[in-house]
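Hi everyone, thanks for coming. Please take a look at it with me.

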Amino acid sequence: MNTYTLYLNSKRCIGCHGCVVHCKANKGLPVGPILCEISHEPLKSVRGVPKTEFKFRSCYHCEDPFCVTICPTGAMKKREDGIVYVDVPKCIGCMACAGACPWGIPQHNPETNKAVKCDYCMDRLDAGLQPACVTKCTTHALKLVTMKVI
């Protein structure tokens with residue numbers, strides 16, 4: 001079985017937030033929910049040169065996701081390839097998934113009153129494409145990595 005993860009080469013990232021913008025555009029999301037996030041460490045001096053490091057965060061697609069276990073309607077699901085996603089028609093917007101997630105990854109979409117989260121743009125993956133955040137990364141710092149699970 002293959003599983004996926006998103007890897008950020010922080011030496012290439014310039015913090016432009018293109019990944020965040022294109023993720024939201026691809027999913028048709030309003031201003032509120034953010035499915036992936038770029039942040040940076042405070043400036044520090046390395047050999048007299050100011051440096052910072054960017055960090056990327058999205059859903060971790062846990063091996064045994066609490067969000068899936070707690071969902072009262074079965075709307076939170078996990079595919080064979082490890083992708084955890086929201087089956088939107090089944091979601092009632094109770095947000096138990098966000099409360100169960102140690103990182104609070106599922107977000108509330110105020111336009112649909114349902115949960116939304118990173119699903120690695122599984123519709124794009126299924127079509128042989130890369131996630132929107134990877135495709136639109138200006139400096140090619142973000143990569144979708146396929147891992148083989150044995």
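Before we start, one term: a residue counts as buried when its relative accessible area is under 20%. Keep in mind, too, that this is a predicted model.

Now find Tyr120. Is Tyr120 buried or exposed? Its relative accessible area is 3%, so Tyr120 is buried.

Who are its neighbours? Leaving aside residues up to four places away in sequence, Tyr120 touches Tyr4, Thr5, Leu6, Cys59, His61, Ile83, Leu125, Pro131 and Leu144.

Let's pick Tyr4 from that list. A search of the whole structure turns up 2 aromatic pairs. Tyr4 and Tyr120 make an edge-to-face pair, with 6.3 Å from centre to centre and 75° between the planes. Why might we care where these two sit? Tyr4 is in strand β1, while Tyr120 is in the loop between β9 and α4, so the pair ties together parts that are 116 residues apart in sequence.

Next, the wider surroundings. The largest nonpolar core has 28 residues, and Tyr120 is among those that touch the most other members, along with Leu6, Leu8, Cys19, Ile38, Phe56 and Leu142. Several elements each supply at least two residues of this core, including β1, β5 and β10. The largest share, 3 residues, comes from α1. Apart from this core there is another, of 10 residues, with Cys67 and Met76 among them.

Finally, let's zoom out. The chain has 5 helices and 10 strands, and 41% of its 150 residues count as buried.

Definitions and conventions: Residues are numbered from 1 along each chain as its sequence is written. This is a predicted model: local features need pLDDT of at least 70, side-chain atom pairs count only at pLDDT 80 or more; totals for chains, interfaces and linings use all residues. Side-chain values use heavy atoms; hydrogens and water are left out. A nonpolar core is a set of buried Ala, Val, Leu, Ile, Met, Phe, Trp, Tyr and Cys residues joined through side-chain atoms within 4.5 Å. Buried means under 20% relative accessible area, exposed over 50%, partly exposed in between (1.4 Å probe, protein chains only). Helices (H or I, at least four residues) and strands (E, at least two) are DSSP runs, numbered from the N terminus. Contact means heavy atoms within 4.5 Å. Rings of Phe, Tyr and Trp (its six-membered ring) pair if their centres lie within 6.5 Å; planes under 30 degrees apart count as stacked, over 60 as edge-to-face and the rest as tilted.
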